Amino acid sequence: MLNFTVGPVMCSDAVRAVGGEQVPYFRTPEFSAVMLENEKLMLKFAKAPKGSRAAFMTNSSTGSMEAVVMNCFNGSDNVLVIDGGSFGHRFVELCEIHEVPHTILKLNHGQKLTKERLYEYDGQGFTGLLVNIDETSTGVLYDSEMIGGFCKKNNIFFVCDCVSAFLADPFDMARCGADVMITGSQKVLACPPGISIIILAPRAVERVTNRKVKSMYFNLADVLKNMERGQTPFTPAVGILRQINTRLKEIEAAGGADVEIARVAAQAEDFRTKIKELPFEFVSESPANGVTPVHPLNADAYKIFEILKDEYEIWICPNGGDMKNTIFRVGHIGYLNHEDNTTLINALKDMQKRGML
Ligand SMILES: *Cc1c(COP(=O)(O)O)cnc(C)c1O
């Protein structure tokens, strides 16, 4: 199997080996040490400001998006949501469900967020901003520092969904001034799905500690209190947390976050060069490193996904909704190399020879 989706992605051999081990009991000093090491490396890789904390949540990242909306905002907020695709829209739905007053800044699919467009909302009393730094559905990368500057100027609580951007695109939590950043185990962390990590800068730690949230499982104050000793309120996905530990140490040993980001960028660049020979078009104005959305000029995008899967054992990522038949995505995250790109391009060339493209 060769997997070019945007999650779950291919794991390294060391991470897979940990997955084959028995899962240990976790209320132990040994497991606490693993958790505290995970926290230390996550904060380092996110370039989180001093005093930041990490919450390891046993849920997919949508659960963490929901936990953040519930713990950081309430009915007295006025939140600006950047909605440029299905992940941006998910924040809109979460604000609706949890009755957080919000305004939608709608972007067309593939469109980047310009400074001019964002500053239309300057000085209007917003208290929060929600954005997916890489809107994975369209592969658009938003400028975290430009948005951070806007938030600083307006004293806005700044939430970054970095689920697919963390370790794929440059992100400096301290410099852009993000209060919260979210990521998940199955994206660039290249582990199985099941864990999502929320990093909270000091202002966010203070905010969630003083909030009463109507939830037992999504109570971030409780999560952070337990995490002081490297523990979680309830049984976490212990095996995946151990795989994350292996993976974080692997990244550290290879040179840290910036080296991994450069590796993903080179993987994307290699693919984007090689695919130019085929009858496809790129659709993103400001492409993120993690994924390339591709529009086939003469064929159905979903059909290409099916044929690659069924006849070549290669998985690309189909799109949902109204992009299903026009756009497929190719991921550059996980345990992939340039040779794997060549294998995919050769399969597509073979399909072309067979008259399918
Ligand atoms: C993958 C992803 C998510 C989370 O999806 P889950 O299925 O809940 O893990 C959220 N936001 C972005 C930008 C993503 O790429």
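Is glutamate 260 buried or exposed in this chain? Glutamate 260 is buried, with a relative accessible area of 7%. By buried I mean under 20% relative accessible area, by exposed over 50%, and by partly exposed anything in between, with a 1.4 Å probe and protein chains only.

Before I continue, a word on conventions. This is a predicted model, in which local features need pLDDT of at least 70 and side-chain atom pairs count only at pLDDT 80 or more, while totals for chains, interfaces and linings use all residues. Residues are numbered from 1 along each chain as its sequence is written, and side-chain values use heavy atoms, with hydrogens and water left out.

Let me begin with the overall picture. The chain contains 13 helices and 15 strands; these are DSSP runs numbered from the N terminus, helices being H or I of at least four residues and strands E of at least two. For 357 residues, a compact globule would have a radius of gyration near 21 Å, and the 20 Å of this chain agrees with that. The radius is taken over C-alpha atoms, and the globule rule is 2.2 Å times the number of residues to the power 0.38. The C-alpha trace spans about 65 × 55 × 35 Å along its principal axes.

Of the 357 residues, 56% are buried. Among contacts with a separation of 6 or more, 73% are between residues 24 or more positions apart, a contact being heavy atoms within 4.5 Å. The accessible surface is about 14700 Å², and carbon and sulfur atoms hold 52% of this; the areas come from the Shrake-Rupley method with a 1.4 Å probe, and for residues only the protein chains shown count as cover.

I turn now to charge. There are 37 positive and 43 negative charges, and their mean positions lie 4 Å apart. Lys and Arg count as positive and Asp and Glu as negative, without His and the chain ends; each charge is placed at NZ of Lys, CZ of Arg, CG of Asp or CD of Glu. The structure holds 19 salt bridges, each defined as a side-chain nitrogen of Lys or Arg within 4 Å of a carboxyl oxygen of Asp or Glu.

In one, arginine 242 meets glutamate 21 at 3.0 Å, N to O.

In another, lysine 249 meets glutamate 37 at 3.5 Å, N to O. Lysine 249 is partly exposed at 38%, and glutamate 37 is partly exposed at 26%.

That brings me back to glutamate 260. Its partner is arginine 247, with the closest N and O atoms 3.1 Å apart. Salt bridges that share partners join Arg247, Glu250, Glu260 and Arg263 into one network.

Next, a loop residue. Leucine 297 sits between β12 (291–296) and α12 (301–312) and is partly exposed at 47% relative accessibility. Leaving aside residues up to four places away in sequence, leucine 297 touches Pro279, Phe280 and Glu281. Leucine 357 is 60 residues from leucine 297 in sequence, with 8.1 Å between their C-alpha atoms.

Finally, the backbone. Where is there a cis peptide bond? One joins glycine 7 and proline 8, with omega about -5°, and proline 8 lies in the loop between β1 (2–3) and α1.

Positive phi values also deserve mention. Glutamate 99, although not a glycine, has a phi of about 55°; it lies in the loop between α4 (86–97) and β4 (102–106) and is exposed at 63% relative accessibility. Leucine 167, likewise not a glycine, has a positive phi near 75°. Leucine 167 is in the loop between β8 (157–161) and α7 (173–176), and at 2% relative accessibility it is buried.
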